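Hi,

Here is the structure we talked about, handed over for you to look through.

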Amino acid sequence: MDVTIFGSGYVGLVTGACLAEVGNQVLCVDVDVDKIALLNSGGVPIYEPGLDDLIAKNKQAGRLRFSTDPEEGVAHGLFQFIAVGTPPDEDGSADLRHVLAVAAAIGEHMTSYRVIVDKSTVPVGTADRVAETVRLAQHERGHAVEFDVVSNPEFLKEGAAIDDFMRPDRIIVGTDNPRTGELLRALYAPFNRNHDRVMVMGVRSAELTKYAANAMLATKISFMNELSNIAEAVGADIEMVRVGIGSDPRIGYQFIYPGCGYGGSCFPKDVRALERTARSKGYQADLLQAVEAVNDRQKNLLFSKIEQYFQGNLKGKTLALWGLAFKPNTDDMREASSRRLMEQLWAAGARVRAFDPVAAEEARRLYGDRADLELVENRMAAVEGADALVIVTEWNEFRSPDLSAVQAQLRSPVIFDGRNLFDPAQVNGAGLTYVSVGRVPAC
Ligand code: UGA
C-alpha cells in the first residue's frame with residue numbers, strides 16, 4: 001500500500017520505517033529542508049536504537065523515501081499520516097498549528113479519495129477540526145474530493161519504539177466510517193501477533209484513549225512518589241512497599257518505580273493537556289492536577305536532599321551527575337529531572353560535572369558552553385575530585401559501579417540516588433552515605 005507520513009520526527013520516522021519494513025511504499029515528508037537532506041544522505045536526526053539500520057535497509061530496498069514537497073506527498077499515499085509535533089501552548093493545551101497546516105496542504109492538493117490518519121497526540125475533537133480544515137482548503141480551491149479522518153494514536157516508548165511498533169499490544173483506530181476501519185485493519189494486519197490487535201472505535205474515544213493511557217501511567221508514578229515521601233516520613237522502605245503491592249496482579253509491578261519525577265515529551269504535556277481539555281468543558285480534573293503537582297514537587301527532591309546534606313552551603317561545590325536524559329536509552333532531555341536539578345545547583349553557586357552515555361550533545365545544545373557545566377566521557381571521570389555523586393537517570397551502566405573507587409574519588413563520600421539503583425547496605429559497606437528516595441537514610 002502507498003503511505004505518506006507528514007512529520008519526520010520521532011513518531012513519523014518510526015512509523016514510516018516500520019510500515020516500509022512490512023512491504024509498504026512509504027514517503028516521509030517534512031518542511032525541514034536540513035532534516036530531509038540529512039535523511040537522504042543516510043543520516044538519522046534522532047537517537048533511537050535500531051532506527052538507523054531499519055531506515056537504511058528500507059531506503060536501499062526502495063520502499064522508503066524522503067521529500068520536502070507536500071504536493072508529492074499528497075499525490076503518493078492513499079493513507080496520509082499526520083505525525084507532526086503538538087508542542088504545548090503557554091497554557092498547557094496542545095498547539096495544533098502544525099497539524100492543521102498539514103490538513104490544509106492535504107485539502108489543497110488532493111485529487112482523489114484519501115484516508116487522513118491523526119498519529120500525533122491531539123486533543124479530543126481534533127479529527128473534526130482536521131476535517132473542517134481539509135474541507136475549507138478544498139472549498140478555496142473549488143474542488144471537493146471525498147476523504148475520511150481517522151484517529152490512530154501511537155503508544156511508542158522512546159528507546160523501545162521499534163519493538164513497540166512491530167509488536168504492539170493494541171492498535172487503536174478511531175473512525176465513524178466502518179469502511180475506513182477495514183482499510184486500517186488491512187494496513188495493520190502484518191502487526192497482528194497471535195490475535196487481532198486492532199481495536200476499532202469512535203473517533204473521540206480513540207483520541208481520549210491516548211490521553212487516558214498516559215494519564216493513568218503518570219498517575220501510578222505520582223502515586224508512588226507521594227507514597228515514597230510518606231514512607232520516608234514514617235520510617236518505612238518504599239522499595240519493600242513497592243514489591244509488596246506489585247505482587248497484587250490488579251496493581252502489577254510496572255510503572256510503580258518511585259524516583260525523582262517523570263519527564264519526557266509525553267507524560268507532562270499530556271497530563272496538562274487533558275486537564276485543560278476537561279476544564280474547557282467545565283469539568284475540574286482534581287486528580288490530574290494533583291498528579292502534575294506531585295511530579296513537579298518530586299523534581300525538587302534531589303536538590304533539597306543535597307542542600308540539606310551540605311547545610312545550604314553549595315557555593316563552589318562540584319556535583320557529579322550520572323544521567324541527563326529523561327530516561328535511559330534516549331538522548332531526549334525534554335522535561336528531564338536533570339534539568340531542574342542542574343538549574344537549581346547553578347542558582348546555588350555549585351558546578352556540575354555530568355556524564356550521560358548519549359545525551360551530552362543534547363545538553364550542549366540546550367545549555368551551550370558554560371563554566372559551571374562540564375560534560376565528561378565516562379562515569380568515573382565525572383566523580384574524580386567531585387564533592388558528591390548524584391544519580392538522575394537509571395542507565396544500565398550505572399547499576400554496578402566500583403563503589404570503593406567512587407568512594408575514593410569523592411570529597412564528601414555520599415551518593416544521592418534519584419532512582420534507587422542500589423541496596424543501601426552495599427553502598428554503606430563501601431564507606432558511602434546513601435541518600436535515596438523513600439528509604440530512611442542510613443550512614
Ligand atoms: C510514554 C508512554 O510510556 C508510551 O506508552 C507513550 O506512547 C509515550 O509516552 C507517548 O505518549 O508518546 P515515554 O515518554 O517514552 O513513553 O517514556 P516512559 O518510558 O513512559 O517514561 C516516562 C517517565 O516516567 C520517565 O522519566 C521515567 O523515568 C518515569 N518513570 C517510569 C518513573 O519515574 N517510574 C516508573 O515506574 C516508570
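By class, the shell around the ligand holds 11 nonpolar, five polar and four charged residues. For the classes, Ala, Val, Leu, Ile, Met, Phe, Trp, Tyr, Cys and Pro count as nonpolar, Asp, Glu, Lys and Arg as charged, and the others, Gly among them, as polar.

Two bits of housekeeping. This is a predicted model, where local features need pLDDT of at least 70 and side-chain atom pairs count only at pLDDT 80 or more, while totals for chains, interfaces and linings use all residues. Residue numbers start from 1 along each chain as its sequence is written.

Back to the ligand: there are 20 residues around it, and Glu158, Tyr257, Tyr262, Gly264 and Cys266 come nearest (a residue counts as near if its C-beta atom, placed from the backbone, lies within 6 Å of the molecule). The biggest contribution to this shell is from helix H9 (residues 203-234), with three residues. Helices here are DSSP runs of H or I with at least four residues, numbered from the N terminus. Domain 1 (2-201) and domain 2 (211-297) both supply residues to the shell, so the ligand lies between them. The domain bounds come from an automatic or database domain assignment.

H9 also packs on helix H11 (residues 267-280), at an angle of about 115° and with the axes 9 Å apart. Axes are lines fitted to C-alpha atoms over the stretch in contact, and angles run from 0 to 180 degrees between N-to-C directions. That makes H9 roughly perpendicular to H11 (the cut-offs: under 35 degrees is roughly parallel, over 145 roughly antiparallel, 65 to 115 roughly perpendicular, and the rest oblique). H9 passes H11 in a left-handed crossing, where left-handed means that the near helix is turned anticlockwise from the far one by less than a right angle, and right-handed means clockwise. On the H9 side, Tyr211, Asn214, Ala215, Leu217 and Ala218 meet Phe267, Asp270, Val271 and Leu274 of H11; contact means C-beta atoms, placed from the backbone, within 7 Å. By class, that contact has seven nonpolar, one polar and one charged residues.

Two other helix pairs are worth a look. The axes of helix H1 (residues 10-21) and helix H3 (residues 51-60) come within 9 Å and cross at roughly 50°, and H1 and H3 are therefore oblique to each other. This crossing is left-handed. H1 brings Leu13, Val14, Ala17, Ala20 and Glu21 to the contact, and H3 brings Leu51, Leu54, Ile55 and Asn58. These residues divide into seven nonpolar, one polar and one charged.

Helix H5 (residues 97-109) and helix H6 (residues 126-141) have axes 7 Å apart, at an angle of about 40°, so H5 and H6 are oblique too. The crossing of H5 and H6 is right-handed. Among the residues that meet are Val99, Leu100 and Ala103 in H5 and Val130, Thr133 and Val134 in H6. The whole contact divides into nine nonpolar, four polar and four charged residues.

Last, the domains. Besides domain 1 and domain 2, the chain has domain 3 (299-435). The centres of domain 2 and domain 3, taken over C-alpha atoms, are separated by 24 Å. Their contact takes 12 residues from domain 2 and 15 residues from domain 3. Helix H12 (residues 286-298) gives the most to the domain 2 side, with three residues. That side divides into three nonpolar, six polar and three charged residues.

Cheers

Note on methods:
Contact = placed C-beta atoms within 7 Å.
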